[in-house]
Amino acid sequence: MTISETTKLVSPKKLAERSLIWLGAITTGVVVTNLFAPQILVGLIGQSLAMTAWQAGLVSTLTLLGYALGLLLLVPLVDLVENRRLILRTLGCAILAALATALAPTPVLLLLATFVLGASCAAIQMMVPLVASMVAPERRGQAIGEVMSGLMIGILLSRPAASLIADLWSWRAYYLASAILMALLAGALGRYLPMLQPAARVGYGDLLRSFPKLLREEPVLRVRAWTASLVMASFTAFWSAVALRLPEVPFTLDAKGIAAFALIGVAGAAATPLAGRWGDKGWARPLFFAAHLCIIGSLALCAWAGAIESRIAALLVLSLGTILLDVGITADQTLGRRAVNLLRPEARGRINGLFVALFFVGGGVGSAAASLAWSYGGWSAVCVVAASFGVLGLLTDLLTRTGTS
């Protein structure tokens, strides 16, 4: 986005472009941990508050539901409200919600707080279009890739970090630590984040009603959200089931070993800046092919790992497959983000909200598919199902060139 596309105001302390990008990456990485940490903390939370199994299951569900609603109801405000103020207020709500979660004395108050926390995590998707708007179009892919690297690292670290903090102190300490980190980031953002006044002059209701129109009129958004949904389905299918497979032979990992294994996936986040940079050079189409082939091949390795008798060899092959899987997924996500952020500047908030909401649906489908596959066919079936989403992405590459420029 250039100055002609929106009204820009200089912040009190101007930050260099690269520093701004990394501030965005750190912010998204820290905030996103709140969405996935409940999946590892739910047992401890349930015991602490004497929750029923149904109530405990709602902790993660309401967090993610809140996030989904935040994507659809809060992120579009990027196109209407001055961006820095919107991000800081949303992040302020996240800080208060994290504190409320840490201090919640009853199940009802905790569930309400986690719902608000999930919705406030929409600040993540407000940062991405703002950072993208501050970078020239020919460097936008690289910038988005670097911000996305923070996001992917945050997702992958959320479970082991939450587990470690809970083991050392308690589950409440995790939410307190999250609130403190977000408060520090809010201070930095308030000092350095540029102000961006959107050019749109429409009502909030009109913004929400424009979602179907954007999907109809923007084939790039449809296709890239579709492939992003597919790779997110592969991601959640794999990570939903691998924790069930790792305690079994030949891997035989305990809880700490499983947490350590999750760190391996962080290596895949290194692909995000490269994918964005190469996308800016016009290599998006072959990179989409490579990303989806990488996903398919990686899951073949993961399935093979489960049949290897040697524990060390099995762990090495599974680790390689996991890294390649995350490389393929982050490459598709980064290239898709780049493509949709080159669309209408006046609708960048809505476009980002739709893009993430749709691949969020893919993540839910992948998790459900993994549950069924594990029940009926075990680890091999999970890998086949996860790979099938990559196959659909590859077929999309073959049938369309949309969003590959």
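**A walk around the largest pocket**

Let's start with an open space: the largest pocket has a volume of about 870 Å³. Keep in mind as you look around that this is a predicted model. What lines that pocket? There are 35 lining residues, and those nearest the centre are Phe36, Gln39, Arg159, Trp239 and Ser240.

Helix 1 (17-36), helix 2 (38-48), helix 3 (53-73), helix 7, helix 11 (219-245), helix 12 (255-262) and helix 16 (348-399) each give at least two residues to the largest pocket. Which helix gives the most? That's helix 7, with 8 residues.

So let's follow helix 7. Even so, trace the helix along and you'll come to a kink of about 45° at Leu157, shortly before the proline Pro160. Is helix 7 largely enclosed or largely open? Of its 29 residues, 21 are buried, so the rest of the structure largely encloses it.

Now for a few spots in the loops. Here's a handy rule first: most residues other than glycine have a negative phi, and most peptide bonds are trans. The loop between helix 2 and helix 3 is where you'll find Ala50. Ala50 isn't a glycine, yet its phi is positive, about 50°. With a relative accessible area of 67%, Ala50 is exposed, because anything over 50% counts as exposed.

Next, hop to the loop between helix 11 and helix 12, which holds Pro250 and also Thr252. What kind of peptide bond joins Val249 and Pro250? The bond is cis, with omega about 10°. As for Thr252, its phi is positive too, near 45°, and again the residue is something other than glycine. Thr252 has 37% relative accessibility, so it counts as partly exposed.

One last stop: go to the segment after helix 16 and find Thr400. Is Thr400 buried or exposed? Its relative accessible area is 18%, and because the limit for buried is under 20%, Thr400 is buried. Leaving aside residues up to four places away in sequence, Thr400 touches Val223 and Arg285.

Definitions and conventions
Residues are numbered from 1 along each chain as its sequence is written. This is a predicted model: local features need pLDDT of at least 70, side-chain atom pairs count only at pLDDT 80 or more; totals for chains, interfaces and linings use all residues. Side-chain values use heavy atoms; hydrogens and water are left out. The bend at a residue is the angle between axes fitted to the seven residues ending there and the seven starting there. Helices (H or I, at least four residues) and strands (E, at least two) are DSSP runs, numbered from the N terminus. Buried means under 20% relative accessible area, exposed over 50%, partly exposed in between (1.4 Å probe, protein chains only). On a 1 Å grid over the protein atoms alone, a cavity is a set of points where a 1.4 Å probe fits but cannot get out, and a pocket is an open set with protein on both sides within 12 Å along at least five of seven lines; lining residues have an atom within 4 Å of a point. Grid points are joined across faces, edges and corners, and a volume is the space filled by probe spheres set on the points. Contact means heavy atoms within 4.5 Å.
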